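Work through the exercises below with the sequence and the structure at hand, and try each task before reading its solution.

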Amino acid sequence: MGSATLRLVRTPHSPAAVAVENRLFRALAVLRTIVLLNTVGLSIYHADDFARPVLGAVCIAAMVVWTAVVTWSCTEPRRRTPTVLGADLALALGLLLLSPLVKGDDFTSSLPGFWIVGALLSWSIHYRWQGGLAAGVVLATADLAQRQDVAQSDYGNAFLLVIAGPIVGFMSGSVQQMATEREAAERTAAVAAERARLARAVHDGVLQVLALVQRRGRELGGDAAELGRLAGEQERELRRLIRAQDEFAPVAAGTVDLAAELTGLERRYAVTVSTPGTPVEVPAVVGRELVAAVQACLDNVRVHVGPDAPAWVLLQAFADRVELSVRDDGPGIAPGRLEEAAAQGRLGVTASVRGRVADLGGTAELTTGSFGTEWELVVPLGSAP
Amino acid sequence: MSIRVMVVDDHPLWREAVERDLSDAGLDVVATAADGREAMARFPAARPDVVLLDLQIPEPDGVAVTAAIAEQSPETRVLILSASGEQTDVLAAVKAGATGYLVKSASREDLLDAVRRVAAGDPVFTPGLAGLVLGEFQRDTEQTPLTERETEVLKMVAKGLSYRQIADRLVVSHRTVQNHVQNTLRKLQMHNRVELTRYAIEHGLDEE
């Protein structure tokens, strides 16, 4: 199925293109009926002027029969053969050439009249602009060649045949191509969705096993505990990867998804990041500065609490602002230490965080005590640079 | 009387490990199931206090099973155990009526603790889940149904504080903190029901 489908996409006659052609031929069937009625009506009205009325009647009957046959043939793609389309054009051509014989040498309108547009448009639809051009030239030439004198309107009709054929053909080709492309795009999207679904199932299985190894290892102790620890690391890594993938949502140019950016920090720090679960779009500069500020806080946790000390980040998004909290469970910053550092000319993390947030028009507050240290950053949105 | 637990997971290894841990700790594993259909078939006879439910199970999935259990037997607690912790799924399960959520890599002690707490009607929130719930309340309501205190407690849970730590900081009892979290969960689920009802009315599903 797969290779067959791919082959069809590359050829011009993909299922979507065939569906487009079917529609166009259905529309053409209506047009054929209208031009047939027009020709038959006019012929009956002008019957007295015919040089050979019997031959004329036979020709009209042929037109009626052929219109029915070709309309029926063209409803099915497999019946749209070169023979049918060739016969269609040949009959139109033959009737044009019979015009002087049936109507007399001084005829003004040809015997089939507008009826020939049926054949012209068949070629346009099926053989694209090349077919339309060929049929248009052939029909126009035949029409002009046998007229004793070419009136302005005859020339105009011939010209229309020559340009209408390729234009309709070009449009038919374009629509068929677009339908084919859309079909291919839809299939690609479906394949991607299915792949994502499968990946999810596979990942879930892997995560289950890693979690199990981690759990059992911890209980067994010894070497198994080490295995369990490794499994735990991989499990966290894979889960972050999946989360990062899930959070990859397209954002407007010049903005970033702050939730995804912060979640990415879990890869480098022992931090738990809580977000609203939907993308939080902020201007790129705000995102960059806030992530840098949070990183500065987390680096500080590493230095002052411990390299593997846990930390927590909470992001809250409101219509007019974002609020960020960075917290640790450490011993807190001893009273006077910040002042002391400032006095020694070391501005350190406090100034760095405050500076970044102030540049964005926001505020940064530090709470510290025996319960740990917590930064609260509030940055307004909209008025930010 | 020991807590009656039903374990629903499509991975036999995992199901057995969890079952053994629970039994060793003196809990009563009354049924197991490998998929949603089995779970719903065995659930009425087993009458568990707690359903330990993996989100990623063959149809009907964890969220659907949670909703069905909440509908059939509101007194039964659902504790979600998920390997990947996919955010939208977890939030959907909690909105559908789950009382707690735990990542599968949690330790045995954490799991047992969570089962006991959930059995007592105590919500088990991870900081990540609290963040999602906060976001859910803050998103579309200019006027959140949460009280100031409830929002404060939920924020603290999202910042990784334990109930004990929250109680110390706010100078209230542990029980009070639990009540706040419980109310938050109830309001979230109610919020969900209101949405469902509105949806049903809009789509003409309320007429019998």
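**Exercise 1: a pair of strands in chain B**

In this predicted model, E1(B) and strand E2 (residues 28-33) of chain B pair in the parallel sense, and 5 bridges join them.

**Exercise 2: the contact between chains A and B**

Describe how many residues each chain brings to the contact and what area is buried between chain A and chain B.

*Solution.* First, count the residues: chain A provides 35 and chain B provides 37. Second, take the area, which is about 3,000 Å² buried between the two chains, with carbon and sulfur atoms giving 48% of it. Third, look at the side of chain A, where Gln208(A), Leu212(A) and Arg215(A) lose the most area to chain B, together 20% of what that side buries.

**Exercise 3: polar and charged links**

State how many salt bridges and polar contacts link chain A and chain B, and locate the chain A residues involved in the contact.

*Solution.* The count of salt bridges between the chains is 6; in the one formed by Glu374(A) with Lys159(B), the closest N and O atoms are 2.7 Å apart. Across the interface, 15 residue pairs are in polar contact, both residues being at pLDDT 80 or more. On the side of chain A that touches chain B, H6(A) supplies the largest share, 12 residues, and by class that side has 9 nonpolar, 10 polar and 16 charged residues.

Conventions. Residues are numbered from 1 along each chain as its sequence is written. Chains are lettered from A and ligands numbered from 1 in the order in which they are written. This is a predicted model: local features need pLDDT of at least 70, side-chain atom pairs count only at pLDDT 80 or more; totals for chains, interfaces and linings use all residues. Side-chain values use heavy atoms; hydrogens and water are left out. Contact means heavy atoms within 4.5 Å. Buried area is the accessible area (1.4 Å probe) that two parts lose on being put together, summed over both. A salt bridge is a side-chain nitrogen of Lys or Arg within 4 Å of a carboxyl oxygen of Asp or Glu. A polar contact is a pair of N or O atoms within 3.5 Å; within protein, one must be able to donate a hydrogen and the other to accept it, and residues adjacent in sequence count only if both atoms are side-chain atoms. Helices (H or I, at least four residues) and strands (E, at least two) are DSSP runs, numbered from the N terminus. Ala, Val, Leu, Ile, Met, Phe, Trp, Tyr, Cys and Pro count as nonpolar, Asp, Glu, Lys and Arg as charged, and the others, Gly among them, as polar. Two strands pair if DSSP finds at least two bridges between them.
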